[in-house]
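Dear colleague,

I am passing this structure on to you, and I would be glad if you could look through it with the notes below at hand. They begin with one pair of side chains and then turn to other parts.

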Amino acid sequence: MALSSPQSELKHLNRLLRLRTFARSFSRCTLAMGLLAGALLLSVRLFGIELQPSPLWLLGLLLPIAWAIGAVRIQTPDAASQADWLDRKRQLGGLLVTSREVDLGPWKDQLDSSLARSDREDPKLGLARPFMALAAPISLWIVVLFLPPQARSSKPWESLQAHRLQRFEEQLDKLEETKALEEEEIQSLQERVRALQQKLDKGETLDWEEVDGLDRLLDQSKHERLVKLQEALNAAKTLQETLDSSDPALSDLKAPALQDLLDKLDDAGILADIPLDTFDSLSTDPSDAPDSTGLELPEALAQALGRMDAEGKSLPVGLPMDGEALEKLAKALGEACEGACEGLAAEGLQAADLEDLEALLEEYKACLSRGKGAGGRPKAGVGKGGVDEGPGHAKLHYVNETEGDRSSLVTRKLPKGRKPSTEWQTLGVSRGSPQIDPKRSTNQTSGTSAGAKASHRRRLSPHHREVVRRYFSESDSKKKK
Amino acid sequence: MPDNTPSSTLLDPREVERGQALLLGLKEGLSQALIGQDRLIELCLIALAARGHLLLEGLPGLGKTELVKAMGALLDMDFSRVQFTPDLLPGDITGGPVLQETEGQRSFVFQKGPIFAHLVLADEINRASPKTQSALLEAMQEHRVTVLGESHDLPDPFFVLATQNPIELEGTYPLPEAQLDRFLFKVDVPGVGSDVLEAILLNRRRGQTPRMDPIMDAQQLQELFDLVDQIYLPEAVARYTARLVSATHPGSPEAPTELEGCLRYGASPRAAIALGEAGRASALLAGRPNVDFSDIEQLARPVLSHRLILDHRARIEGRTPAELVDILVRELSPVSENLSGGRS
């Protein structure tokens with residue numbers, strides 16, 4: 001029961017209406033904003049961007065509050081409408097609306113008594129629906145915020161970069177096993193690879209230049225290694241020529257040539273790989289050397305051979321007195337160098353380097369064959385009655401690798417019922433035709449490289465390569481039998 | 001003219017009581033003449049207090065004529081009855097020049113017709129020809145009659161209380177819209193229930209109404225009119241009234257969608273004025289110094305229904321103007337129940 005004046009009744013009604021308008025506007029705006037922000041947050045999370053909830057997000061409620069305040073100012077019925085409503089609801093006979101325009105005078109008491117008689121009937125606030133409407137965005141936010149943190153999804157190119165780094169690391173491991181490169185070089189490259197992998201794991205963006213730079217570094221290392229091996233091979237060839245020469249003037253050059261060869265092998269880092277018994281023929285007397293100064297053994301070799309003085313310096317040694325022993329030593333050192341060269345070539349070299357190495361090996365082998373004397377059977381090559389395996393065993397070199405650009409690769413569905421061939425294997429991906437490494441075929445059977453190169457340039461499908469490889473393998477096994 | 005400015009003051013409660021007492025006295029007298037038709041009587045009194053003309057429509061025998069006759073008896077004013085028939089001429093109502101010889105001089109003297117009375121009962125008005133019906137136009141609006149270029153003022157106050165029969169339409173002439181608009185109310189006289197019939201049987205002998213003595217003279221009636229004029233019409237109620245009348249016009253933004261295509265022509269400003277005046281009279285009858293929304297709502301139907309011209313859709317759907325007015329009142333509630341909306 002209301003016992004208050006019309007003004008207080010109107011104020012009460014006004015408060016209720018403002019509260020209702022505020023609640024409705026706030027809930028509507030919060031509903032819209034909540035759903036929108038929830039959907040946005042969900043989308044962001046689906047795309048892998050992790051957003052941790054922060055108390056600052058509550059500042060987002062300022063917008064609905066501001067919206068609701070504005071709505072209260074705009075949408076709340078004006079005082080005249082409120083008076084109309086109250087007049088009708090309380091059945092005041094129009095006295096309340098009249099009181100806003102004229103002085104009621106003696107009718108005021110009647111208005112007050114009418115107000116007192118009538119039951120207060122407030123407008124329906126309907127706060128349940130606004131607050132129920134808030135349940136939807138709150139539910140969405142709870143779901144979104146309690147979702148497990150989305151694992152960082154890598155970008156498509158990141159997986160390619162990781163794959164590339166992994167392959168490079170495997171390549172380095174293989175190089176480490178075959179000792180085609182010096183250990184320090186391999187370690188340096190491995191550290192670079194690990195550094196890039198760590199950056200990738202942290203989610204940092206890797207530039208393709210950094211990944212591709214590894215290949216360049218590896219090629220550079222191979223090239224440097226090749227240069228050293230070539231120098232060693234040249235030294236071996238020079239020594240062989242010195243040994244083969246009948247010119248007495250050259251006999252004095254045997255010791256410097258052997259010294260040079262040892263130094264070059266030491267530089268190339270393959271001296272430690274040569275069996276120690278190879279050096280058994282070296283004389284312990286330095287005076288055996290023509291210039292009586294003896295050979296300066298590299299420190300590591302001297303240490304291995306036990307030719308160290310008390311101060312830890314290597315003791316000079318002399319040449320073998322036996323010429324045949326010297327020739328065997330030279331040949332062994334040369335073959336070690338040749339083996340290292342072939343091992344390096346097997347791990348892949350640039351085409352130009354490969355050609356240079358091939359030519360050098362040819363020359364060295366020619367030098368060795370000449371050393372065997374005129375009784376040596378001339379090697380028959382392609383076009384000279386010899387047999388060349390062709391590109392069957394040649395190693396394929398893939399250039400311009402396109403790890404990062406697979407757009408040109410199209411996945412095709414196999415015909416129904418046809419299974420993919422198990423013989424197929426991915427050797428590499430390239431934009432152009434693979435270059436064929438003729439190294440394997442330039443062995444004893446090839447005399448010159450011209451014809452062989454010509455045949456190697458022919459394109460062979462993998463199937464044909466396999467046929468050629470099988471043919472020669474079978475013939476080899478039959479020959480062995 | 002009433003002054004509705006904020007400085008105005010309301011009628012004194014005693015004056016309101018006096019005006020209400022006058023009306024209630026009339027109501028009591030009419031209730032004796034017409035049993036069980038309180039609402040009809042109230043509307044008659046409101047029309048009288050608002051100085052409006054009244055059109056009663058109902059079946060024969062419901063007491064329309066008796067009501068008007070009783071009103072004439074109670075008011076102690078000149079009362080005339082005109083039975084409208086197809087052969088009735090305008091001159092039969094208004095009167096006309098009559099050649100009169102006085103002292104050897106012949107001259108035309110205007111002989112007043114039955115319309116020269118305070119209270120004119122136009123019984124079965126729709127049976128007269130349009131020519132005759134139109135004779136009432138000037139009288140009802142201007143309160144004067146012009147014959148042969150000479151105008152004659154009608155007595156003040158002047159009321160026309162007309163009746164018409166909704167059946168037996170053969171040989172009748174429906175009132176034109178212009179004339180309908182001049183009637184403040186068109187009231188459908190409803191039938192009565194068995195309890196009312198029982199009361200009529202017990203209180204009537206041979207159908208004769210009890211003798212009625214005048215209870216209000218012309219001075220009192222004028223006093224009543226003055227009181228009605230001083231009833232305050234609040235702006236909110238006037239705004240609601242204007243909205244209500246405006247909404248009857250097709251294409252009006254106020255018109256509810258439910259009435260779309262139902263109305264061809266809406267009510268005139270005269271209807272809004274009539275509604276306001278009737279509201280004032282209604283407030284006085286209720287003993288209030290001001291018009292309330294409820295007055296307008298209750299009077300909207302008798303004031304507006306005969307002023308609306310329906311469109312084909314409403315006719316096909318069988319809707320009546322009264323139904324459409326009820327829809328208007330319902331949809332255009334002065335303030336919605338939920339008090340929605342903002343500043344307008």
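**Notes on chain B and its salt bridges**

At a relative accessibility of 62%, Arg106(B) counts as exposed, and please keep in mind throughout that this is a predicted model. The side chain of Arg106(B) meets that of Glu101(B) in a salt bridge, with 3.8 Å from N to O, and Glu101(B), at 53% relative accessibility, counts as exposed too.

Turning to the sheet of chain B, you will find 5 strands that form an open sheet in the order S2-S5-S8-S1-S9, with parallel pairing. Strand S2 (79-83) and strand S9 (183-188) of chain B stand at the edges with a single partner strand each, so one side of each is left without a neighbour in the sheet. On average, and with direction ignored, neighbouring strands of this sheet are turned by 15° against each other. Helix H2 of chain B, which covers residues 38-49, packs on the sheet and touches S1, S8 and S9 of chain B, while its direction makes about 175° with that of S9(B).

Within the sheet, strand S1 (residues 53-57) and strand S8 (residues 159-164) of chain B run parallel and are joined by 4 bridges, and Leu54(B) stands opposite Leu161(B) in S8(B).

Which salt bridges involve residues of these strands? One of them is formed by the side chains of Glu57(B) and Lys186(B), at 3.4 Å from N to O. Because Glu57(B) lies in strand S1 of chain B and Lys186(B) in strand S9 of chain B, the pair ties together parts that are 129 residues apart in sequence. Glu57(B) has a relative accessibility of 17% and therefore counts as buried, the cut-off for this being under 20%.

Another salt bridge joins the side chains of Asp123(B) and Arg81(B), at 2.8 Å from N to O. This pair also links distant parts of the chain, with Asp123(B) in strand S5 (residues 119-123) of chain B and Arg81(B) in strand S2 of chain B, 42 residues apart. As for accessibility, Asp123(B) is buried, with a relative accessible area of 5%, whereas Arg81(B), at 42%, counts as partly exposed.

With kind regards

Key
Residues numbered from 1 in each chain as written. Chains lettered and ligands numbered in written order. Predicted model: local features only at pLDDT ≥ 70, side-chain atom pairs only at ≥ 80, totals over all residues. Heavy atoms only, no water. Pairing = 2+ DSSP bridges. Helix = DSSP H or I, 4+ residues; strand = E, 2+ residues; numbered from the N terminus. Axes fitted to C-alpha atoms, helices over the stretch in contact; angles between N-to-C directions. Contact = heavy atoms within 4.5 Å. Salt bridge = Lys/Arg side-chain N within 4 Å of Asp/Glu carboxyl O. Buried < 20%, exposed > 50% of the residue type's maximum accessible area, 1.4 Å probe, protein only.
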